[in-house]
Amino acid sequence: MSSSPSTTVSGTDRIPEAVPVSLCAREPHVPADRLVAEMVPPPRFDSVRFDTYIPDPHQPSQTEAVRVLSGFAAGLGGAPAGGSGGRRGFFGFGKPRKKIPTGPRGVYLDGGYGVGKTHLLASLWHATPAEPELKAFGTFVELTNLVGALGFQKTVQTLSGHRLLCIDEFELDDPGDTVLVSTLLGKLVDAGVALAATSNTLPGKLGEGRFAAADFLREIQGLSAHFRALRIDGEDYRHRGLPEAPAPYSEEQVTKAAYATGGASLDEFPQLLDHLARVHPSRYGALTDDLKAVCLTGVQPVPDQSTALRLVVLADRLYDREVPVLASGLPFDQLFSEEMLNGGYRKKYFRAISRLTALARDAKGLVEH
């Protein structure tokens, strides 16, 4: 992590050059065209490829998933799905569509959190032989936000000329949005768009969402015949052979690190949670624009489920962008109550804990430096 020059010297009153920003002072507005343009793998997954995925030697299903997905990507060559030879634009004008291939037009990556599903999904996007503007990658939340920004018909028209749509973390725990997106995917399949997805589990399911293929295929109903499920066994790779996450630092350490690090933010955790309630989750990515580190003081348990779910989205955006998180207060594995961790959204909370723990480990050097 690079730091901007600072004139801070121990024992002096000199003012540092690096003054941290406050996330609570940011209220980003994101135009619809940015939502479309940003439907690519997040920065964390810019360089991932199938050959950078390291299968667990004790989990042969991981090696098999790479083999199957590589073949799936290779099979997506040729003319774009809509037969227009390029992007068809918002209103979908173009040449007549070619006959749509029969058989599975999608893959569903089925496994617990931390087995590398997003790495594989992004690798599929990179390996598919098409121009970036003919491939789309986003989370379920980002896709529903796109529908909200453009409207249903324009979203169909915008994406129907694509060769591939990848959806990470398909949220089966929201029945209304599940129906909306399932209907959208049906339109896209009719246009010849190939699909790939991972998913969350339904509320009340045991096993923290592992192997939710039956749930996924049932909830998308008529689309199930278009998907081949790939089961991926394994443990959370973020804890495979890695040291334990560092304990929280003191408030003084966090504050000093924020002032010594160019591009850092500094906020009190309770105030940040309040601010997240005033910013739509579709703008959390823009909220983190240009940040090199997030520094938080006074981390404490999240008070309610609505706040917890907003924090999950922020954790995802920070993780995607590889922004280290330095914090004082309680460790991140104490953010969510036992009731939350045993409820229908537990997979989201465990994912957030895992990702924030990884980012806290990344931030260790800010204090040591």
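**Exercise 1.** In this predicted model, find which residue of β7 stands opposite E268, and describe the sheet around that strand.

*Solution.* 
- Step 1. The residue opposite E268 is T297 in β7.
- Step 2. Strand β7 covers residues 293-299, and β6 pairs with β7 in the parallel sense over five bridges.
- Step 3. The sheet is open and has three strands in the order β6-β7-β8, with parallel pairing.
- Step 4. Its edge strands are β6 (264-268) and β8 (325-329), each of which pairs on one side only.
- Step 5. On average, neighbouring strands of this sheet are turned by 15° against each other, direction ignored.

**Exercise 2.** Determine the strand order of the open sheet of five strands, and say why one side of β2 and of β5 is left without a neighbour in the sheet.

*Solution.* 
- Step 1. The order is β2-β3-β4-β1-β5, and the pairing is parallel.
- Step 2. β2 (135-139) and β5 (227-231) stand at the edges; each has a single partner strand, so one side of each is left without a neighbour in the sheet.
- Step 3. Neighbouring strands here are turned by 15° against each other on average, with direction ignored.
- Step 4. Within the sheet, strand β1 (residues 106-110) and strand β4 (residues 194-199) pair in the parallel sense over three bridges.
- Step 5. In this pairing, G106 has L195 in β4 as its bridge partner.

**Exercise 3.** Check whether the end-to-end distance of helix α13 agrees with its number of residues, and state how many of its residues are buried.

*Solution.* 
- Step 1. Helix α13 comprises residues 346-362, which is 17 residues.
- Step 2. The expected span is 1.5 Å times one less than the number of residues, so α13 should span 24 Å.
- Step 3. The end C-alpha atoms of α13 are 24 Å apart, which agrees.
- Step 4. The helix is mostly covered, since 15 of its 17 residues are buried.

**Exercise 4.** Identify the salt bridges that R351 forms with E169 and with D316, and place the residues in the chain.

*Solution.* 
- Step 1. Side chains of opposite charge can pair when their charged atoms come close.
- Step 2. For R351 and E169, the closest N and O atoms are 3.5 Å apart, inside the cut-off of 4 Å.
- Step 3. R351 is in helix α13 and E169 is in strand β3 (residues 164-170); the pair links distant parts of the chain, 182 residues apart.
- Step 4. The side chains of D316 and R351 also meet in a salt bridge, at 2.6 Å from N to O.
- Step 5. D316 lies in helix α11 (residues 305-320) and R351 in helix α13, so this pair ties together parts that are 35 residues apart in sequence.
- Step 6. Both R351 and E169 are buried. The relative accessibility of R351 is 3%, and D316 is buried as well, with a relative accessible area of 8%.
- Step 7. A network of salt bridges links E169, D316, R351 and R355.

Notes. Residues numbered from 1 in each chain as written. Predicted model: local features only at pLDDT ≥ 70, side-chain atom pairs only at ≥ 80, totals over all residues. Heavy atoms only, no water. Helix = DSSP H or I, 4+ residues; strand = E, 2+ residues; numbered from the N terminus. Buried < 20%, exposed > 50% of the residue type's maximum accessible area, 1.4 Å probe, protein only. Pairing = 2+ DSSP bridges. Axes fitted to C-alpha atoms, helices over the stretch in contact; angles between N-to-C directions.
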